[in-house]
Amino acid sequence: MAENNVQSNSVKDPRITWGGCSVLLDVNNGDRLVFSCLSAGATLKIGNKNCSLRPLIGCPFGSLFQIDNGEEGPYLSRVLPSTEADDNNKQENGDCQVPDESRDNREIIDNNKAQSLTGDDIDELQRQGAKGDEIVEALIANSATFEKKTLFSQEKYRLKKQKKYAPTVLLRRPIACSICEAYFKKYPDRIRFLRVDALSLLLSMANDSANSDVLVVDMVGGLLTGSVAERLGGTGYVCNTYLGDTPYSMDIVRIFNFSDEICKRIVRCPLSDFSLTQNGTSEQNYEQADPCNMELNEEISSAVSAEETSPSSHQEDSGLLPESTVSPGSKIGKAPKAGEQASQEVIKTWKENGFSSVILAASDLDPWNLVKDILPLLSYSAPFAIYHQYLQPLATCMHSLQVGKLAIGLQISEPWLREYQVLPSRSHPCMQMNAFGGILSGIKICSS
């Protein structure tokens, strides 16, 4: 009977959260992104309120929660899809009942006297157990200027009060897309400003598919390694190589909630073990001449997981990311851990047959000095992709590859992404956007 319980507990549905899994909490529709590990004692701080994350355990990813006031304090209550649909229908019906849009805000005087509901009244409502939506409706009902505002101003006012008194928390699944978006918004320097569209372009240009053996140089905290492993889905291998004796940080890999089968496919191997011509070379030979582009590897190797919860979140959330995806009850044997040393048999196979693709994301190193030593490990007619934060090192590397006749189909891609605001009569591109260097891609050929 106990064995059946162990087997049932060891089988996890990746669409539903469990105790010990990593999640991405989206507070107020992108206003704040927090990485956390679900447990009975984990809490999330929103404003001056601490809410337990226990209600999130066992819920499917994509669930929406709202903070409500209870007898024991604030807590997270799940918002069912039917409730959301009813609210949307009410808002649509309310918008249709407004007769015209001839109103404007010219006659409204902002003297802080339009709201008759005081702070003490709001505190009293919260002590009585009023929900956040009820407080928002009370603020709207006691506003002397709300009905005089335009529809756009009314919606803006409602949204502002809702974020303050009825904040929402969206339970997002930590995948390559969501993790890259969160890090690019919170800590872009840790992933060397690698945007989500550039990450997808890297994986596409390298032609990563099932049963591929991919060699990566990952100096973006493990984001590239985890994305490749997620794309392979437990087939093939992801070999994270590094220079010298100290491997690069792979802390972000732990956020993906990989199974034991996928973790076994993520290995590490120093570049010197491949018996290349650069045996004994130090990492300083790969550094670029420009001191502005040389940042210490210790910045990427810093405790990423310890700060993955927002600085304003509760201290109990820090450092709670699971070190491995060990299933509960599986105490027999040691569970595989992502980033273990590659076996000699696998290394021998890679030496004989070569890797099926190579992806480099090492903005601190010179691309050409790195490529000329790693390219012999790639099998013929296999693609490679190089990401760099600046274009000039990629152009120099591309010229060297052309002169040496080492690759064909060379191209430098400089993708850009612009966000649009899509609203009735107010759709326009956002005025600011982020830019970065580019991606150098090509196919290795035999030069002899």
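**A helix, and then some rings**

Modeller: Let's start with helix α4, which runs over residues 132-141 and has G132, I135, V136, A138, L139 and I140 buried. Keep in mind that we're looking at a predicted model. What do the buried residues of α4 pack against? Their partners are β5 (64-70), α3 (119-127) and α5 (151-165).

Next, have a look at helix α8, which covers residues 223-232 and includes L223. L223 counts as buried because its relative accessibility is 0%. Leaving out residues up to four places away in sequence, L223 touches A176, I179, C180, I191, L194, L199, D218, I252 and F256.

Now for the aromatic rings. Searching the whole structure turns up seven aromatic pairs. One of them joins F35 and Y183: the ring centres are 5.6 Å apart and the planes sit at 40 degrees, so this pair is tilted. F35 belongs to strand β2 (residues 32-37) while Y183 belongs to helix α6 (residues 176-186), so the pair ties together parts that are 148 residues apart in sequence. Are these two residues buried or exposed? Both F35 and Y183 are buried.

Y237 and W350 make another aromatic pair, and this one is edge-to-face, with 5.9 Å from centre to centre and 80 degrees between the planes. Since Y237 is in strand β9 (residues 237-242) and W350 in helix α11 (residues 344-353), the pair ties together parts that are 113 residues apart in sequence. W350 counts as buried because its relative accessibility is 2%. Y237, on the other hand, is partly exposed, as its relative accessible area is 23%. Zoom out a bit and you'll see that ring pairs link Y237, F274, W350 and F355 into a cluster. Y237 has a charged neighbour as well: R265 lies over the face of its ring, 4.9 Å from the ring centre.

How about the cysteines? How many disulfides does a search of the whole structure find? The search finds zero. Take C177: its closest cysteine sulfur is the one in C180, and a gap of 7.6 Å is too far for a bond. C269 isn't in a disulfide either, and its nearest cysteine sulfur, that of C239, is 5.0 Å away. C269 is buried, with a relative accessible area of 0%, whereas C177 counts as partly exposed at 34% relative accessibility.

Last stop: backbone angles. Most residues other than glycine have a negative phi. N29 isn't a glycine, yet its phi is positive, near 55 degrees. You'll find N29 in the loop between β1 (22-27) and β2, where it is exposed, with a relative accessible area of 73%. F193 also has a positive phi of about 55 degrees, although it is not a glycine. Look for F193 in the loop between α6 and α7 (196-205). F193 counts as partly exposed, because its relative accessibility is 33%.

Notes
Residues are numbered from 1 along each chain as its sequence is written. This is a predicted model: local features need pLDDT of at least 70, side-chain atom pairs count only at pLDDT 80 or more; totals for chains, interfaces and linings use all residues. Side-chain values use heavy atoms; hydrogens and water are left out. A disulfide is a pair of cysteine sulfur atoms within 2.5 Å. Buried means under 20% relative accessible area, exposed over 50%, partly exposed in between (1.4 Å probe, protein chains only). Rings of Phe, Tyr and Trp (its six-membered ring) pair if their centres lie within 6.5 Å; planes under 30 degrees apart count as stacked, over 60 as edge-to-face and the rest as tilted. Helices (H or I, at least four residues) and strands (E, at least two) are DSSP runs, numbered from the N terminus. A charge sits over a ring if NZ of Lys or CZ of Arg is within 6 Å of the ring centre and within 35 degrees of the ring normal. Contact means heavy atoms within 4.5 Å.
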